[in-house]
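Below is a short briefing on one protein chain. Look through the sequence and the structure before reading the points.

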Amino acid sequence: MNAQPLIEEAHVKFAGSSAEMFEMEEVDTKVVFTVMGTIKGDSREKQTNGVKRTMTVSITKVVRGVSEKIYEGDEDQPSLYDTPADDDGDTADDETPSNVTDFTGPKFSSDE
């Protein structure tokens with residue numbers, strides 16, 4: 001049984017469209033975009049000269065031209081469990097604000 005050789009390079013298949021809007025260009029006009037995406041899957045397809053690999057990429061952001069602007073506004077969003085930092089960079093201590101009193105829970109008539 002002959003095993004098909006694996007083709008070293010993979011093709012890229014973009015899924016979806018950009019959330020950004022761009023000016024329309026005439027047909028046959030060449031344009032350059034910088035694209036940020038998230039790999040959502042990969043596949044292998046047997047071909048006569050080997051196995052074709054394809055990565056499927058979901059488009060996250062598109063910028064016109066070759067640009068580092070693709071990274072602007074892409075700071076990691078804090079998670080629910082992140083501790084906020086003080087102005088000096090230290091994490092905030094768990095303090096109860098002075099205007100908060102102890103929570104005693106709801107009162108029901110059956111508790112009496």
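The points that follow cover strand pairing, a salt bridge and a surface patch.

This is a predicted model, in which local features need pLDDT of at least 70, side-chain atom pairs count only at pLDDT 80 or more, and totals for chains, interfaces and linings use all residues. Residues are numbered from 1 along each chain as its sequence is written, and side-chain values use heavy atoms, with hydrogens and water left out.

**Strands**
- Strands are DSSP runs of E, at least two residues long, numbered from the N terminus.
- Strand 2 pairs with strand 3 in the antiparallel sense over 14 bridges; pairing requires at least two DSSP bridges between two strands.
- Ser43 has Thr54, in strand 3, as its bridge partner.

**Salt bridge**
- The count is one salt bridge, defined as a side-chain nitrogen of Lys or Arg within 4 Å of a carboxyl oxygen of Asp or Glu.
- Arg64 and Glu25 form a salt bridge, with their closest N and O atoms 3.3 Å apart.
- This pair links distant parts of the chain, 39 residues apart: Arg64 lies in strand 3 (residues 50–64) and Glu25 in the loop between strand 1 (6–15) and strand 2 (33–47).
- Arg64 counts as partly exposed because its relative accessibility is 37%; the class lies between buried (under 20%) and exposed (over 50%), using a 1.4 Å probe and protein chains only.
- Glu25 is also partly exposed, at 37%.

**Nonpolar patch**
- Val12, Phe14, Phe22, Val31, Phe33 and Val35 form a nonpolar surface patch with about 480 Å² of accessible area together.
- Patch residues have over 30% relative accessible area and no salt bridge, with nonpolar side chains (Val, Leu, Ile, Met, Phe, Trp, Tyr) joined within 5 Å and like charges within 9 Å.
- Accessible areas come from the Shrake-Rupley method with a 1.4 Å probe; for residues, only the protein chains shown count as cover.
- Strand 1 and strand 2 each supply at least two residues of the patch.
- Val12 is in strand 1 and, at 44% relative accessibility, is partly exposed.

Terms used: Helices (H or I, at least four residues) and strands (E, at least two) are DSSP runs, numbered from the N terminus.
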